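Here is my note for a first look through this model. Open the structure alongside and take the points in order.

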Amino acid sequence: PRIGENLTRRAVDGDLPAPDGGSAVRERLRAQVSAAPPRSVVLVGPSGSGRSTALRGLVHDLLAADDFGAHQNADAARAVWRVSGTRIIAGMSFVGDWEERCGDVLADVRARKALLAVDDLHQWGRIGRSRDSDRNLAEFFRAPVSRGECVLLGECTVEQWRQLEEDAPSFAASFTRVAMPETTEAEAMRMLLHESRALELTYGTRVPASGLRALLEVGGPLFPHRALPGRVFDLLHAALRDSGARVDGDDLALRRAELLAVRSDVALDEDRALDWLSRRTGFPRGLLHPDEPMSADDVRAAMTARVLGQAPGVEAVVDLAMRIRRGLSDPKRPLAVYLFTGPTGTGKTELARAMAAYLYSSPTRLLRLDMGEYATPDAAARLIGDRGAPEGLLTRHAAQQPFGVVLFDEIEKAHPQVHNL
């Protein structure tokens, strides 16, 4: 209990809601951890594909399998504890200290018949290493996991799983790997419809199907760093937080008719969903909705008012705006990549500023990097990070502000590794 969180206790107390319905993944999870000997399992898939939801469902499935509904004794059920490698060895400063702590963890797991849901499994091939020793958590737990004495439940992206296989191949081979692919749009829409019915009670805001379709079809491609259904669930929750008034208490069921009748004018329909997406991304509404009045001439006039005498550059922005409007951009790539060439003072930087101001409604959504400062061999690592420092300047900015223009000023001065990057 000092290093983890009892998810089973949270489920019993009602703080860990059960996912809707069952799934083949959950059934496979339950079968693996209930086998003789039990197997450790890792869910491998993109962020947002439902890995955490499946593990949450497993907690409830194990309670049902242990017949908790009949005996109501949480101590008699197999408990799932959420832990992390960094918490397990926190404060262990001397060689041998963390191994002793891990021995205590194993003893406790056996005594409680507990399963460990691990937050940072992909790092276990490195956690514990020091200047004095290469020993790590994966090496310590490999044998108990292989024998079924300790059952670990992990979540990894494909890249993270490859990292663990590279760092600790024998440990990784002890797991049953379960793929968690992205759902289809049809499946995501069905999940959204179910989720929205519950959220209507919480926020007192109606969510018609038109609003859900706008979030899925228009908003979904704008946030490709998360998979379906997770990315659209995130949008739905955020949109309702911003447009509704959260209602708490035990009388939600009694107040449902009152909430939705009194606030019948408050609905996250298509118009409100598109307005919210416009505020969230900075895109003018005309770029998001094909029914909004907008023409290439409108874009051309707006850009020409700021950038004089550079017709080819203006036309490039016009082309980009119309491609965004028609949904012809690739969600897995930047909306556009341009190389502005010309002598100093011809308007290259001003065109980048004008693009940020027009496309994202704010000139502040421009990140300018002076590439003269990235002429050394470590430049690429400073931009996107490396194993020693995983967070780079460029990747951090893109995560914090995914909608904007990045200007690599005087890119010819950058190190060749930056050009390759």
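1. Let's start in a loop. K113 sits in the loop between α6 and β4 (115-118). Keep in mind that this is a predicted model. Phi of K113 is near 55°, which is a positive value in a residue other than glycine. Is K113 buried or exposed? K113 counts as exposed, because its relative accessibility is 64%.

2. Another residue to look up is D67, in the loop between α3 (51-65) and α4 (68-71). D67 isn't a glycine either, and its phi is positive, near 60°.

3. While you're checking the backbone, have a look at the cis peptide bonds. One of them joins A36 and P37, with omega at about -5°. P37 belongs to the loop between α2 (24-33) and β2. Another cis bond runs from L228 to P229, and there omega is near 5°. You'll find P229 in the loop between α11 (209-219) and α12 (230-243).

4. Now for helix α7, which spans residues 137-147. Which of its residues are buried? They are L137, A138, F140, F141, P144 and V145. These residues sit on the same side of α7, because the arc they cover around the axis is only 150°. As a reminder, an α-helix has 3.6 residues a turn, so residues three or four places apart point the same way.

5. What do the buried residues of α7 pack against? Their partners are β2 (40-44), α5 (85-88), α6 (97-112), β5 (151-156) and α9 (169-172). The two ends of the helix deserve a glance as well. At the start of α7, a side-chain oxygen of N136 comes within 3.1 Å of the backbone nitrogen of A138. Just after α7, G148 has a positive phi of about 85°.

6. F140 and F141 belong to it, along with W98, W124, W161, F171 and F175.

7. Y338 is partly exposed, with 31% relative accessibility. F340 is also partly exposed, at 26%. In total, the model has 10 aromatic pairs. There's also a charge to spot over a ring: R382 lies over the face of Y374, 4.4 Å from the ring centre.

8. In soluble globular proteins, nonpolar side chains tend to be buried together. Here the largest nonpolar core has 51 residues, and the members that touch the most others are L215, L236, F283, V299 and M303. Helix α18 (residues 348-360) supplies the largest share of this core, 8 residues. A second, separate core has 33 residues, including I3, A79, L106 and L152.

9. Leaving out residues up to four places away in sequence, L236 touches L192, E195, S196, L199, V207, L212, L215 and L268. L215 is on that list, and L215 is also among the members of the core with the most contacts to other members.

10. Finish at L288, in helix α15 (residues 285-288). L288 is buried, as its relative accessible area is 8%, and the cut-off for buried is under 20%. What does L288 touch, apart from residues up to four places away in sequence? The contacts are V218, L222, L274, L277, S278 and F283. For a sense of scale, the C-alpha atoms of L288 and E315 are separated by 20 Å, and these two residues are 27 apart along the chain.

Terms used:
Residues are numbered from 1 along each chain as its sequence is written. This is a predicted model: local features need pLDDT of at least 70, side-chain atom pairs count only at pLDDT 80 or more; totals for chains, interfaces and linings use all residues. Side-chain values use heavy atoms; hydrogens and water are left out. Buried means under 20% relative accessible area, exposed over 50%, partly exposed in between (1.4 Å probe, protein chains only). Helices (H or I, at least four residues) and strands (E, at least two) are DSSP runs, numbered from the N terminus. The arc is that of the directions from the helix axis to the C-beta atoms. Contact means heavy atoms within 4.5 Å. A polar contact is a pair of N or O atoms within 3.5 Å; within protein, one must be able to donate a hydrogen and the other to accept it, and residues adjacent in sequence count only if both atoms are side-chain atoms. A nonpolar core is a set of buried Ala, Val, Leu, Ile, Met, Phe, Trp, Tyr and Cys residues joined through side-chain atoms within 4.5 Å. Rings of Phe, Tyr and Trp (its six-membered ring) pair if their centres lie within 6.5 Å; planes under 30 degrees apart count as stacked, over 60 as edge-to-face and the rest as tilted. A charge sits over a ring if NZ of Lys or CZ of Arg is within 6 Å of the ring centre and within 35 degrees of the ring normal.
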